[in-house]
Amino acid sequence: MAFVTTVTICVAAWAQPRISFSEEVHNFGTISWKRPVTHEFTVTNLGDQPLVLTHVTVSCGCAVIDWSKEPIPAGGKGSVKVTYDAKMLGRFEKSVAIYSNAAPNLRYLAFKGEVVPEARNYRISHPFVIGTVRVNNTLLEFPDSRRGEKPQVVLEVVNTTRTPFRPALMHLPPWIKAEVDPLVVNYEERGIITLTLDTEKVKEIGLAQSSVYLSRFPGDKVSRENEIVLSAVILPEEQGNQVNPPVLQLSAQELDFSHKLTKDKVSEKVVITNSGSSPLEIHKLQVFNPTLAVSLPKQVIKPGESVKLTVTFNQRNLKDAIRKLSILMITNDPARPKVELDVKVTNP
């Protein structure tokens, strides 16, 4: 009889909801003053019991929150919708607290962006200059995606001369489609290049990056001056209802090399621990910037085991200022299939 009771307790301990989000931070980008914007975070229950979002709060009175009130079944999806009022000019970054019956019972999401005046102050809304054209960004990141999805990002261009400008991108990779509207941008007008990612044409999961080049005039050539970096992360298929899953833990989520910049080449270590009950697999380990290098002694980590990830920063290679300093891990932890480590190298 004692043996039967013990088994029942163990089974109950593993029967639980597990919460996962489509993204943990959403960037609204540049938005107009007093023009509210809305974003919906997708919530997935990767456990084997119903997930209940008991309460959701935001860190300011500047946003309205709505969320799924009904229990989310095992393998099901819900949502957390955020509407920001955009009543304050300038940059903003706010957090959203998610309380649920999953462990841990409190998780955080965030949203950020910049509110600019409605007037045509293109120096603020489009701060990057490529020839006689202003653009809103030179690093375009697609939302994390899975096979079959086709997310989009937008490149905005502003013509600063009285010569009509025909926006075009050179060296598009086969997994990107570009659409231009309007075809001709006149003086102080804004044009939009919509870029669509075809995830089916990206060969592997993990990070896919490519440089494209904005054509400034007929016959233009590629160079660092007109380079725009495209970045996409392809996630593995969702692994819902996994019994006894691996659980990834990191000793640090950010590395700061600022105090070591007296040397050209320096290293730091991050401890990766599997606190779950099945092997943790590091499917991919990639860097966004060639300034960084990573080394991991093994890609399969047993339950209860820890390994050290070595991250090396070489400032001699710090030429590619467009690409961000980050490290990407793709894992088989259903709650954290993608983990990104940020690197800081600000001069002291």
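This is a predicted model: local features need pLDDT of at least 70, side-chain atom pairs count only at pLDDT 80 or more; totals for chains, interfaces and linings use all residues.
Biologist: How many bridges join β4 to β7?

Modeller: Five bridges join β4 to strand β7, which covers residues 90–100, and the two strands run antiparallel. To find the pairing in the structure, you can look for His-55, which stands opposite Tyr-99 in β7.

Biologist: Now I would like to read the aromatic rings; what should I look at in the pair of Phe-28 and Phe-111?

Modeller: Look at how far apart the ring centres lie and at the angle between the ring planes, where an angle over 60 degrees counts as edge-to-face and one under 30 degrees as stacked. The structure holds five aromatic pairs. In one of them, the centres of Phe-28 and Phe-111 are 6.1 Å apart and the planes stand at 75°, so this pair is edge-to-face. The pair also links distant parts of the chain, since Phe-28 belongs to strand β2 and Phe-111 to strand β8 (residues 106–116), 83 residues apart.

Biologist: Are Phe-28 and Phe-111 buried or exposed, and which aromatic pair is stacked?

Modeller: Phe-28 and Phe-111 are both buried. The rings of Tyr-84 and Phe-92 form a stacked pair, with 4.0 Å from centre to centre and 25° between the planes, and both Tyr-84 and Phe-92 are buried as well. Ring pairs link Phe-28, Tyr-84, Phe-92 and Phe-111 into a cluster.

Biologist: Where does the charged end of Lys-69 sit?

Modeller: The charged end of Lys-69 sits over the ring of Trp-67, at 4.1 Å from the ring centre. Elsewhere, Lys-324 lies over the face of Phe-288, 4.7 Å from the centre of that ring.

Biologist: That leads me to charged pairs; how many salt bridges does the count come to?

Modeller: The general idea is that side chains of opposite charge can pair when their charged atoms come close. In this structure, the count comes to 16 salt bridges. Lys-69 forms one of them with Asp-66, the closest N and O atoms being 3.1 Å apart. Lys-69 has a relative accessible area of 48% and is partly exposed, and Asp-66 counts as partly exposed at 41%.

Biologist: Which salt bridge links distant parts of the chain, 41 residues apart?

Modeller: Glu-40 and Lys-81 meet through their side chains in a salt bridge of 3.9 Å, N to O. Glu-40 lies in strand β3 (residues 37–45) and Lys-81 in strand β6 (residues 77–84). Glu-40 is partly exposed, with 42% relative accessibility, and Lys-81 is partly exposed too, with a relative accessible area of 35%.

Biologist: Finally, which residues form a disulfide, and why are they counted as buried?

Modeller: A disulfide is a covalent bond between the sulfur atoms of two cysteines. The structure holds one disulfide, formed by Cys-60 and Cys-62 with their sulfur atoms 1.8 Å apart. The link of Cys-60 and Cys-62 is left-handed, with -60° about the S-S bond. A residue is buried when its relative accessible area is under 20%; Cys-60 has 18% and is therefore buried, and Cys-62, with 13%, is therefore buried.

Notes: Residues are numbered from 1 along each chain as its sequence is written. Side-chain values use heavy atoms; hydrogens and water are left out. Two strands pair if DSSP finds at least two bridges between them. Helices (H or I, at least four residues) and strands (E, at least two) are DSSP runs, numbered from the N terminus. Rings of Phe, Tyr and Trp (its six-membered ring) pair if their centres lie within 6.5 Å; planes under 30 degrees apart count as stacked, over 60 as edge-to-face and the rest as tilted. Buried means under 20% relative accessible area, exposed over 50%, partly exposed in between (1.4 Å probe, protein chains only). A charge sits over a ring if NZ of Lys or CZ of Arg is within 6 Å of the ring centre and within 35 degrees of the ring normal. A salt bridge is a side-chain nitrogen of Lys or Arg within 4 Å of a carboxyl oxygen of Asp or Glu. A disulfide is a pair of cysteine sulfur atoms within 2.5 Å.
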